[in-house]
Amino acid sequence: MTAAEFGDPYAVLRPVRSGNTFEETIEHLLQAIRVGLFPPGQKLPAERELAEHLGVSRATLREALAELQQAGFLDIRRGRYGGTYVLQARSAARQGGVPLEPAERQDVLVFRAVLEPAAAELAAQAQLSPSARDHLLGCLADLEGADRGSYRARDSRFHIAIAELGGSQSLVTAVTDTRARVSALLDEIPLLPANLEHSNEQHLAITEAILDGDGARAKQLMIDHLEGTASLLRGFLS
């Protein structure tokens, strides 16, 4: 990815490709919210710009935004300081979502265990520009400063940032999709303060390994980090 793309949600938010434009617009917007591309309190880009990036009409986008407002994900404000703002992310339980079956949960965790350590290793091996390093450190700082309500979205954004450093859009897309699925699982279990503290220590160590160019260490640290999350999910959801 180019330096200008780091931190740009459009570099991660995918255009709509199928014939189900309304449904896929909803899916992509919710995914962007869930993984922290548009965190709570942030104003979404202008309708024209967002519709153009998604490849849908402004009418379709407005319909999707109105439905997400009704569902409690967005706040659409009118007037001089109006716009569409992201509300606090809602958990799967509060959304009435259907929990994944055990086989589906295992599939998510296995795929993530293969994908994200490789992304961390690739990031460490890349020739990182100053803007790339600043992007990763900025996402880490946002995560370390997150409150309980925004932690999981910031966590997802940090992991996606690691994938961005590798320079592969396909990798970024795969990690984004996987993080959205993992977020749905994490919404089914409580936030544990001790686990958050440990995770933040691991996030820092992974960041340092990437910035030091130590691919083997970055990969192993990510493996250890993901296994901790998998252990919690297996414990709570078995």
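**Rings.** I searched for aromatic pairs and the count came to zero. The model I am reading is predicted. I then looked for charges over rings. The charged end of arginine 77 sits over the ring of tyrosine 85. I noted 3.8 Å from there to the ring centre.

**H5 against H7.** I took helix H5, residues 102-125, and helix H7, residues 151-165. Their axes lie 7 Å apart, and the packing angle is about 55°. That angle makes H5 oblique to H7. I logged the crossing of H5 and H7 as left-handed. On the H5 side I listed Arg112, Glu116, Ala119, Ala120 and Ala123. H7 brings His159, Ile162, Ala163 and Leu165 to this contact. I sorted the contact of H5 with H7 by class: six nonpolar residues, one polar and two charged.

**H7 against H8.** Next I followed H7 to helix H8, residues 169-186. The axes of H7 and H8 are 9 Å apart, at an angle of about 160°. Angles over 145 degrees count as roughly antiparallel, so H7 is roughly antiparallel to H8. The crossing of H7 with H8 is right-handed. From H7 I wrote down Arg152, Asp155, Ser156, His159, Ile160, Ala163 and Glu164. They meet Leu171, Val172, Val175, Thr176, Arg179, Ser183 and Leu186 of H8. By class, the contact of H7 with H8 has six nonpolar, four polar and four charged residues.

**H5 against H10.** I went back to H5 and paired it with helix H10, residues 215-237. How far apart are the axes of H5 and H10? I read 8 Å, with an angle of about 160°. That makes H5 roughly antiparallel to H10. H5 and H10 cross in a right-handed sense. The H5 residues in this contact are Arg105, Leu109, Arg112, Ala113, Glu116, Pro117, Ala120, Glu121 and Ala124. On H10 I found Gly215, Ala218, Lys219, Met222, Ile223, Leu226, Thr229, Ala230, Leu233 and Leu237. The class tally for the contact of H5 with H10 is 12 nonpolar, two polar and five charged.

Definitions and conventions: Residues are numbered from 1 along each chain as its sequence is written. This is a predicted model: local features need pLDDT of at least 70, side-chain atom pairs count only at pLDDT 80 or more; totals for chains, interfaces and linings use all residues. Side-chain values use heavy atoms; hydrogens and water are left out. Axes are lines fitted to C-alpha atoms, for helices over the stretch in contact, and angles run from 0 to 180 degrees between N-to-C directions. Helices (H or I, at least four residues) and strands (E, at least two) are DSSP runs, numbered from the N terminus. Angles under 35 degrees count as roughly parallel, over 145 as roughly antiparallel, 65 to 115 as roughly perpendicular and the rest as oblique. A crossing is left-handed if the near helix is turned anticlockwise from the far one by less than a right angle, and right-handed if clockwise. Contact means heavy atoms within 4.5 Å. Ala, Val, Leu, Ile, Met, Phe, Trp, Tyr, Cys and Pro count as nonpolar, Asp, Glu, Lys and Arg as charged, and the others, Gly among them, as polar. Rings of Phe, Tyr and Trp (its six-membered ring) pair if their centres lie within 6.5 Å; planes under 30 degrees apart count as stacked, over 60 as edge-to-face and the rest as tilted. A charge sits over a ring if NZ of Lys or CZ of Arg is within 6 Å of the ring centre and within 35 degrees of the ring normal.
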